[in-house]
Amino acid sequence: MTLEKRQWLAEQQLPAPARQQIDISLRCSATFVIMRATNAVERFFAASQAGDVEAAVEQLAPDVVMLNPATDDPIVGRDAVAAALRAVAAACDAFRHTHLLVDKSTAQTRLFGLVFEAKVGDATLRGVDLIELDDTDRIRTFQVAVRPIAALMALGARMSGSRQA
């Protein structure tokens, strides 16, 4: 990797594992395109792709609200949402965000989507995290939509400690 590319990476404010992933990708693929992480969603996405849950959690607002498909009750606050994200990461055999969707509308609040895939035993879970930012560039709402229901049930069983997964 050239010195210029290394300096650019150092300026990006990406978590260290994400910088390492980009560094590896630059060395392995001539077609890799670098995106500058300009907001909390992009930093969350980069951290998730690097498998760094803690760096992803740093992008949450203190009063973040997470809506998940397993319950009508919201999960409120950075610590509670962080615990939920860690639990999902631990319960999945594999988890990866595959795409970042950006709302280009002129709406007052921009909406972002992080498309993901996860494996729980033999089940494959696919979904999207719908995310809004607050005025301080932190994730304020985090709504999870997933399918199919059988895979969601397998994830829920595993997270509750059941052996049904």
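The chain folds into 6 helices and 6 strands, and what you are looking at is a predicted model. Reading from the N terminus, the elements follow the order α-α-α-α-β-β-α-β-β-β-β-α. The chain has 165 residues, of which 38% count as buried. Among contacts between residues at least 6 apart in sequence, 46% join residues at least 24 apart.

Let us begin with the inside. In soluble globular proteins, nonpolar side chains tend to be buried together. Here the largest nonpolar core has 34 residues, and Met66, Leu85, Ile139 and Phe142 touch the most other members.

Leaving out residues up to four places away in sequence, Met66 touches Pro74, Ile75, Val81, Ala84, Leu85, Phe142 and Val144. Three of these names, Val81, Ala84 and Leu85, come back when we turn to helix 5, whose buried residues are Val81, Ala82, Ala84, Leu85 and Ala91.

Now find Ile139, which lies in strand 6 (residues 139-147). Ile139 counts as buried because its relative accessible area is 0%. Beyond its neighbours within four places in sequence, Ile139 is in contact with Ala40, Phe44, Gln59, Leu60, Ala61, Val64, Ile131, Glu132 and Leu133. The fold also brings Ile139 and Glu58 to a C-alpha to C-alpha distance of 9.4 Å, although they are 81 residues apart in sequence.

Next come the charged residues. Side chains of opposite charge can pair when their charged atoms come close. The whole structure holds 6 salt bridges. One of them joins Arg96 and Glu117, with the closest N and O atoms 3.3 Å apart. Arg96 sits in strand 3 and Glu117 in strand 4, so this pair ties together parts that are 21 residues apart in sequence. Glu117 also meets Arg126 in a salt bridge, at 3.9 Å from N to O. Together, Arg96, Glu117 and Arg126 form a linked network of salt bridges. Each member is partly exposed: Arg96 has a relative accessibility of 48%, Glu117 one of 28% and Arg126 one of 44%. Elsewhere, Arg140 and Glu132 pair at 3.6 Å, N to O; Arg140 is partly exposed at 30%, and Glu132 is partly exposed at 23%.

Asp103 is found between strand 3 (94-102) and strand 4 (112-120). Asp103 is buried yet has no salt bridge: Arg110, the nearest side chain of opposite charge, is 6.0 Å away, and a salt bridge needs the atoms within 4 Å. A polar atom of the Asp103 side chain does lie 2.8 Å from the backbone nitrogen of Ser105. Setting aside neighbours within four places in sequence, Asp103 is in contact with Thr109, Arg110 and Leu111.

The other aspartate, Asp52, lies in the loop between helix 3 and helix 4. Asp52 counts as buried because its relative accessibility is 18%, and the cut-off for buried is under 20%. A polar atom of the Asp52 side chain lies 3.0 Å from the backbone nitrogen of Ala55.

Key. Residues are numbered from 1 along each chain as its sequence is written. This is a predicted model: local features need pLDDT of at least 70, side-chain atom pairs count only at pLDDT 80 or more; totals for chains, interfaces and linings use all residues. Side-chain values use heavy atoms; hydrogens and water are left out. Helices (H or I, at least four residues) and strands (E, at least two) are DSSP runs, numbered from the N terminus. Buried means under 20% relative accessible area, exposed over 50%, partly exposed in between (1.4 Å probe, protein chains only). Lys and Arg count as positive and Asp and Glu as negative; His and the chain ends are not counted. A polar contact is a pair of N or O atoms within 3.5 Å; within protein, one must be able to donate a hydrogen and the other to accept it, and residues adjacent in sequence count only if both atoms are side-chain atoms. Contact means heavy atoms within 4.5 Å. A nonpolar core is a set of buried Ala, Val, Leu, Ile, Met, Phe, Trp, Tyr and Cys residues joined through side-chain atoms within 4.5 Å.
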